[in-house]
Amino acid sequence: MNNVLSLNSSRLLDRIHINRLQTTVARLQGELAAIQGERLQLQIKILEYLETMIDLRKQNAILTELSITDPLTGLLSRRGMLSRFHGQIDSRVPEFGAPKVATALFVDVDNFKRVNDALGHAGGDAALVGLSRIMEHSFRAEDILCRLGGDEFLVILPRATIEQARRKAEEFQH
């Protein structure tokens, strides 16, 4: 009888142990599901954050472009010209014995008020846009073209001597 009682006690302890193990397993499965849910929510939040960062970078790039570009002509604005000019100066390492050289041309459209008076502001704007396209085709790709405002433009000619700039100005005038 002691053996039977001992066997029953052992079975009872095994059942209690199994029940505890099953309870522990169920609790751990619930905790794991909660952790996986939290992990999924965290991954979703990280993706949303990354999407927001990408959108902000795109918007910042657009704002930067707007801040350095003249909205009418598409040429650089004064701010854009200064930024590009300083970038070119800073990035140029002069060749042995060759100084950093740049020449600037100031372009002012003579009697532009007459254009506005005759054609209206829309016609004057179209003339400025046309002049800008001519300038883009007349100067080198490395030259910095800038609309200062109104009918005033600035062209910076990197690595151009005064004589070269003078010739270029005469070519552009004609």
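## Basis and conventions

Two strands are treated as paired if DSSP finds at least two bridges between them. Helices (H or I, at least four residues) and strands (E, at least two) are DSSP runs, numbered from the N terminus. The structure is a predicted model, in which local features need pLDDT of at least 70 and side-chain atom pairs count only at pLDDT 80 or more, whereas totals for chains, interfaces and linings use all residues. Residues are numbered from 1 along each chain as its sequence is written, and side-chain values use heavy atoms, with hydrogens and water left out.

## The sheet

The order E1-E3-E2 describes an open sheet of three strands with antiparallel pairing. Strand E1 (102-108) and strand E2 (144-149) are the edge strands; each has a single partner strand, so one side of each lacks a neighbour in the sheet. On average, and with direction ignored, neighbouring strands are turned by 20 degrees against each other; axes are lines fitted to C-alpha atoms, for helices over the stretch in contact, and angles run from 0 to 180 degrees between N-to-C directions.

E1 and E3 run antiparallel and are joined by seven bridges. Five bridges pair E2 with strand E3 (residues 152-158), again in the antiparallel sense. Val155 in E3 stands opposite Leu105 and also opposite Leu145. Further along the pairing with E3, Cys146 has Leu154 as its bridge partner, and Gly149 has Glu152. Two residues lie between the strands in the hairpin of E2 and E3, where Gly150 takes a positive phi near 55 degrees.

How much of E3 is buried? Six of its seven residues are buried, so E3 is largely enclosed by the rest of the structure. Here buried means under 20% relative accessible area, exposed means over 50%, and partly exposed lies in between (1.4 Å probe, protein chains only).

Helix H3 (residues 112-138) lies across E2 and E3 and runs at about 10 degrees to E3. Helix H4 (residues 162-173) also packs on the sheet, touching E1 and E3, and its direction makes about 25 degrees with that of E1. Contact in this sense requires heavy atoms within 4.5 Å.

## Salt bridges

A salt bridge is a side-chain nitrogen of Lys or Arg within 4 Å of a carboxyl oxygen of Asp or Glu. By this rule, the count is 10 salt bridges. One of them joins the side chains of Asp70 and Arg147 (3.1 Å, N to O). This pair links distant parts of the chain, 77 residues apart: Asp70 lies in the loop between H1 and helix H2 (78-91), and Arg147 lies in strand E2. Asp70 counts as buried at 10% relative accessibility, and Arg147 counts as buried at 13%.

Helix H4 holds two further pairs, Arg167 with Glu163 and Glu171 with Lys168. The side chains of Arg167 and Glu163 meet at 3.8 Å, N to O; these residues are four apart, about one turn of the helix. Arg167 is partly exposed at 43% relative accessibility, as is Glu163 at 38%. In the salt bridge of Glu171 with Lys168, the closest N and O atoms are 3.5 Å apart, and the residues are three apart, about one turn of the helix. Glu171 counts as exposed at 53% relative accessibility, whereas Lys168 is partly exposed with a relative accessible area of 22%. Elsewhere, a network of salt bridges links Arg140, Glu142, Asp143 and Arg159.

## Nonpolar surface patch

Leu42, Ile46, Leu47, Tyr49 and Leu50 make a nonpolar surface patch of about 510 Å². Patches consist of residues with over 30% relative accessible area and no salt bridge; like charges are joined within 9 Å, and nonpolar side chains (Val, Leu, Ile, Met, Phe, Trp, Tyr) within 5 Å. Accessible areas come from the Shrake-Rupley method with a 1.4 Å probe, and for residues only the protein chains shown count as cover. Within this patch, Leu50 is placed in helix H1 (residues 2-68). Leu50 counts as partly exposed at 42% relative accessibility.
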